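Let's take a friendly look at aromatic rings and a surface patch. Keep the 3D view open and find each residue as you read.

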Amino acid sequence: MREPTWEVDQVDDWGVAVITTVGRQLRLWREAATMRAAEFARAVGYGEDMIYKIESGKRIPRPEFLDRADEILGAAGLISAMKLDVAKVRYPKQDRALAKLEARSVEMQLYNPLTIHGLLQTPEYARGLFLMRRPVYTPEEVDWYTAARMARKAVFDRSPAPELSFVLEECALLRPLGGRDVLRRQLEHLLHVAELRHVEIQMMPLEQVEHVGLSSLEVIKFEDGTAVGRSSAVSGERPVTDLRTLRLLELRYGILRSQALTPDATVDALRGLLRRA
């Protein structure tokens, strides 16, 4: 996905501070090289107005922009090195906080009653969801949120990998959000992920009579034995760490898994859905 520069979220104090500092350093390097903004813009392939926005800390620059600026301004790697700082704040604050938890996890238990879980979504499926949001997101916001969601999928490539358990509702697997082609590619992706040894996917059938509750639920466990949980029903989506609430969330998730199809039966069901999609 080719990403444009992102607009800085003004309520993200840390992000604003980092991008403002990066922009100020870029301006100092440009002035030290005695280059006018218009000249630098032509050399780096951006508009002059965008250069001013980056230098004033209003836009988050792409990594390749920083590399090109480093080369043009003769910064000997000092501008390119700022990519590490930019990477820490390039996505929305909420996504960054969740990604940090996922990066530390050794086990995750995840359930979403309405859609396919974000960690399992294809870019097309995620984009389809963001396009449907009301009030409407701008095209730039759709790109930004989609890229942030895809960046979290790095959790699948970690070594050692965390144990990941998902319970998906059959209704979410039937609804062609984004179109039939998007749904087919999404089902193909689920079958691929289901083959990973550290991932278990279970489908809750529409015909299941006993159901412990249609509210989002997740428990993320860490190596030191601590955990954090969230549930729209129990904590109003607020992260919780107290043992009593975590035990309740784990109990509910355990019952959800017992009511859903087994991982093997789920794979068979996914193949059937794909044939009919």
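Predicted model: local features only at pLDDT ≥ 70, side-chain atom pairs only at ≥ 80, totals over all residues.

The structure contains six aromatic pairs. A pair of aromatic rings is described by how far apart the centres are and by the angle of the planes.

**The pair Phe40 and Phe65**
- The ring centres of Phe40 and Phe65 are 6.3 Å apart. Their planes meet at 75°, so this pair is edge-to-face, because an angle over 60 degrees counts as such.
- This pair links distant parts of the chain, 25 residues apart: Phe40 belongs to helix α2 (residues 37-44) and Phe65 to helix α4 (residues 63-73).
- Both Phe40 and Phe65 are buried.

- Phe130 and Tyr145 make a tilted aromatic pair, with 5.7 Å from centre to centre and 35° between the planes.
- Here too, distant parts of the chain are linked: Phe130 sits in helix α7 (residues 123-131) and Tyr145 in helix α8 (residues 139-151), 15 residues apart.
- Phe130 has a relative accessibility of 5%, so it counts as buried, because the cut-off is under 20%.
- Phe130, Tyr137, Trp144 and Tyr145 are joined into a cluster by ring pairs.

**A charge over a ring**
- Arg104 lies over the face of Phe222, 4.0 Å from the ring centre.

**A nonpolar surface patch**
- Leu248, Leu251 and Ile255 form a nonpolar patch on the surface, and together they have about 230 Å² of accessible area.
- Leu248, found in helix α11 (residues 243-259), is partly exposed, with a relative accessible area of 31%.

Note on methods. Residues numbered from 1 in each chain as written. Heavy atoms only, no water. Phe/Tyr/Trp six-rings, centres within 6.5 Å; stacked < 30°, edge-to-face > 60°. Helix = DSSP H or I, 4+ residues; strand = E, 2+ residues; numbered from the N terminus. Buried < 20%, exposed > 50% of the residue type's maximum accessible area, 1.4 Å probe, protein only. Lys NZ or Arg CZ within 6 Å of the ring centre and 35° of its normal. Patch = residues over 30% accessible without salt bridge, like charges linked within 9 Å, V, L, I, M, F, W, Y side chains within 5 Å. Areas by Shrake-Rupley, 256 points an atom, 1.4 Å probe, with all protein chains shown as cover. Salt bridge = Lys/Arg side-chain N within 4 Å of Asp/Glu carboxyl O.
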